[in-house]
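Please look over the sequence and the model shown below before reading on. The briefing that follows takes up the sheet, its hairpins, the contacts between side chains and the surface.

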Amino acid sequence: MRKKEGRSLIGLYTIGITAVFMGGFFFLVILGARSYKNTVDSQNANSSSRALLAYISTSMKANDTEGSVEINDSDLGKVLVLADGSSGYGLRIYRYEGNLVEDFGRLGYSLVPDEAQIIGETAVFDVQEVSENTYMVTTDAGSVTLHMRSGGGSAD
């Protein structure tokens with residue numbers, strides 16, 4: 001009888017130790033998954049907040065031709081106009097109803113904000129020419145300074 005009692009205690013002890021190790025393992029898995037989720041969420045928030053500036057920067061660099069950049073004032077605020085070569089059309093980027101929007105249309109014609117494509121949300125949009133062929137664009141996410149290599153400003 002004594003032998004059976006010793007074996008059952010060793011069996012319970014083994015099960016207890018296994019349960020402690022499994023509990024620790026699951027705790028570390030949960031802790032690691034939460035840490036990873038927080039890291040990814042932080043990275044996504046940073047990426048989306050910088051997306052507007054990256055989009056504007058890419059658009060300006062893609063249209064880096066002589067006389068392609070204009071800054072106009074309208075009743076909606078500042079408008080960044082990026083001419084599409086010599087076609088007479090271009091991108092017009094401006095803020096409308098809390099969003100940064102892009103309106104592709106004939107240059108010199110009125111803006112059509114209801115048909116414009118939304119780029120992203122922003123409470124701030126400002127663009128200014130800092131020096132010759134150098135522009136500073138500001139949104140909620142911060143500012144970016146861009147230099148047009150081909151002399152992107154209005155041709156004289």
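Which residue of β5 stands opposite valine 101? Isoleucine 118 is the residue of β5 that stands opposite valine 101. The model is predicted, and for that reason local features need a pLDDT of at least 70 and side-chain atom pairs count only at pLDDT 80 or more, while totals for chains, interfaces and linings use all residues. Residues are numbered from 1 along each chain as its sequence is written, and side-chain values use heavy atoms, with hydrogens and water left out.

**The sheet as a whole**

- Five strands make up an open sheet in the order β1-β2-β3-β4-β5, with antiparallel pairing; helices (H or I, at least four residues) and strands (E, at least two) are DSSP runs numbered from the N terminus, and two strands pair if DSSP finds at least two bridges between them.
- The edges are formed by β1 (69-74) and β5 (117-121), each of which pairs on one side only.
- Neighbouring strands of this sheet are turned by 25° against each other on average, direction ignored, where axes are lines fitted to C-alpha atoms, for helices over the stretch in contact, and angles run from 0 to 180 degrees between N-to-C directions.

**Strand pairs and hairpins**

- β1 and β2 run antiparallel and are joined by 6 bridges; they form a hairpin with 2 residues between them, and aspartate 73 stands opposite lysine 78 in β2.
- β2 and β3 pair in the antiparallel sense over 5 bridges, with alanine 83 opposite glycine 90 in β3; in their hairpin, which has 5 residues between the strands, glycine 85 takes a positive phi near 65°.
- Strand β3 (residues 89-96) is joined by 8 bridges to strand β4 (residues 99-106), and the two run antiparallel.
- Within that pairing, tyrosine 89 has arginine 106 as its bridge partner in β4, and leucine 91 stands opposite phenylalanine 104 in β4.
- β3 and β4 also form a hairpin with 2 residues between them, and in its turn glutamate 97 has a positive phi of about 50°.
- β4 and β5 run antiparallel and are joined by 4 bridges.

**Cover over the strands**

- In strand β2 (residues 77-83), 5 of the 7 residues are buried, so this strand is largely enclosed by the rest of the structure; buried means under 20% relative accessible area, exposed over 50%, and partly exposed in between (1.4 Å probe, protein chains only).
- β4 is likewise mostly covered, as 6 of its 8 residues are buried.

**Salt bridges**

- The structure holds 2 salt bridges, a salt bridge being a side-chain nitrogen of Lys or Arg within 4 Å of a carboxyl oxygen of Asp or Glu.
- In one of them lysine 37 meets aspartate 41, the closest N and O atoms being 2.8 Å apart; because these residues are 4 residues apart in helix α1, they are separated by about one helical turn.
- Aspartate 41 counts as partly exposed, at 37% relative accessibility.
- The side chains of aspartate 103 and arginine 92 also meet in a salt bridge (3.3 Å, N to O); this pair links distant parts of the chain, with aspartate 103 in strand β4 and arginine 92 in strand β3, 11 residues apart.
- Aspartate 103 counts as buried at 6% relative accessibility, and arginine 92 counts as buried at 5%.

**Aromatic pairs**

- The count comes to 2 aromatic pairs, under the rule that rings of Phe, Tyr and Trp (its six-membered ring) pair if their centres lie within 6.5 Å, planes under 30 degrees apart counting as stacked, over 60 as edge-to-face and the rest as tilted.
- The rings of tyrosine 89 and phenylalanine 104 have centres 6.1 Å apart and planes at 15°, so this pair is stacked.
- Because tyrosine 89 lies in strand β3 and phenylalanine 104 in strand β4, the pair ties together parts that are 15 residues apart in sequence.
- Tyrosine 89 is partly exposed at 35% relative accessibility, and phenylalanine 104 is partly exposed with a relative accessible area of 49%.

**A nonpolar surface patch**

- Met22, Phe25, Phe26 and Val29 form a nonpolar patch on the surface, with about 390 Å² of accessible area together; patches are made of residues with over 30% relative accessible area and no salt bridge, like charges being joined within 9 Å and nonpolar side chains (Val, Leu, Ile, Met, Phe, Trp, Tyr) within 5 Å.
- Accessible areas come from the Shrake-Rupley method with a 1.4 Å probe, and for residues only the protein chains shown count as cover.
- Phenylalanine 26 lies in helix α1 (residues 2-62) and is partly exposed, with a relative accessible area of 45%.
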